Amino acid sequence: MKRTSMIRCSLALAMAALCGGGAYAGNATTLGPVCMPGSLQSYIASDAAGGCSIGIEEFSGFSFESSANAAYTAADILLAPAAVGGFTFTQTSGAPCVGSGAPCFQVAAGQIDIYDIFYDFAIDPGPHASTADLGMDPPFGNVTINQFYCSGRGLVLGTVNAVPTCVTPGQHSAQELTVTDENPPASWNTGIVLITPQVDKFADVLTQIILDGTNGPAGFDSITGTSNLTPEPSTSLLIGVTLLAAAIANRRRII
């Protein structure tokens with residue numbers, strides 16, 4: 001789906017959060033089916049059934065846009081659920097990248113292709129998504145991957161390749177993670193990055209892929225972006241007290 005503008009406001013999620021709506025994905029009775037490897041197009045189609053889940057996070061609101069004449073469609077992009085909080089993006093088929101067995105996500109010399117992949121995720125009000133990471137492997141040429149988080153707010157994107165704004169309610173800049181091929185291998189991975197503000201109910205996420213073939217072919221094997229949950233303070237305190245009590249009881253038995 002190719003458009004020149006994109007506006008995403010997660011009104012249903014925002015209203016539920018503002019009104020103190022029921023439990024989010026941490027409630028097993030509200031979780032959708034487990035996310036499975038599939039094309040981005042299949043994920044977009046799954047929204048009609050309420051999306052899917054990874055652990056206690058529920059993912060939905062999948063959509064896609066690309067620059068004019070971009071080579072790939074949503075049917076060409078493969079999503080594989082990560083162990084926690086996100087996805088690995090590759091190609092569904094095609095020639096493998098050099099030194100890799102996976103299909104290559106690439107652009108020909110002289111062409112610049114841009115792909116924007118959107119989704120939302122919701123979590124139980126207990127835990128928080130406090131960190132995130134983004135990695136790319138193995139790229140060649142001029143490749144930039146940006147991942148934007150709008151915590152508790154909808155994401156508004158004016159045009160393809162734009163920097164999004166977070167709204168509903170209030171307004172602030174999106175949290176941005178970026179990996180490039182400028183300084184390999186250090187620039188291929190962000191490491192663990194704090195999400196500010198942290199995600200305590202839901203977030204809008206944009207993964208932006210920029211393949212710049214101006215100076216020659218460019219591409220990569222795969223990218224993986226995830227958010228990482230931490231328990232709320234009261235839960236952490238309860239865990240700490242429980243472990244301390246167990247240690248004291250064990251020490252008494254030894255004595």
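The model is a predicted one, and the structure holds 3 disulfides. A disulfide is a covalent bond between the sulfur atoms of two cysteines. When the bonded cysteines of the chain are numbered in sequence order, the pairing reads 1-2, 3-4, 5-6.

**Cys 35 and Cys 52**

- A disulfide joins Cys 35 to Cys 52, with a distance of 2.0 Å from S to S, and this link is right-handed, with 90° about the S-S bond.
- The pair links distant parts of the chain, since Cys 35 sits in the loop between helix H1 (11–18) and strand E2 (38–39), whereas Cys 52 belongs to strand E3 (residues 52–54), and the two cysteines are 17 residues apart.
- Cys 35 has a relative accessible area of 5%, and it therefore counts as buried, because buried means a relative accessible area under 20%.
- Cys 52 is likewise counted as buried, because its relative accessibility is 7%.

**Cys 97 and Cys 104**

- Cys 97 is joined to Cys 104 by a disulfide, and the distance from S to S is given by the model as 2.0 Å.
- The link of Cys 97 and Cys 104 is right-handed, with 80° about the S-S bond.
- Both cysteines of this pair, Cys 97 and Cys 104, are buried.

**Cys 150 and Cys 166**

- Cys 150 and Cys 166 form a disulfide in which the sulfur atoms are 2.0 Å apart.
- The torsion about the S-S bond of Cys 150 and Cys 166 is about -80°, and therefore this disulfide is left-handed.
- Because Cys 150 lies in strand E10 (residues 142–151) and Cys 166 lies in strand E12 (residues 165–167), the pair ties together parts that are 16 residues apart in sequence.
- Cys 150 is buried, and Cys 166 is buried as well.

**Gly 94 in its loop**

- Gly 94 is found in the loop that runs between strand E6 (86–91) and strand E7 (105–107).
- The relative accessibility of Gly 94 is 55%, so this glycine counts as exposed, because exposed means a relative accessible area over 50%.
- Although Gly 94 and Phe 105 are 11 residues apart in sequence, the distance between them in space is 8.7 Å, taken from C-alpha to C-alpha.

Technical notes: Residues numbered from 1 in each chain as written. Predicted model: local features only at pLDDT ≥ 70, side-chain atom pairs only at ≥ 80, totals over all residues. Heavy atoms only, no water. Disulfide = S-S within 2.5 Å. Helix = DSSP H or I, 4+ residues; strand = E, 2+ residues; numbered from the N terminus. Buried < 20%, exposed > 50% of the residue type's maximum accessible area, 1.4 Å probe, protein only.
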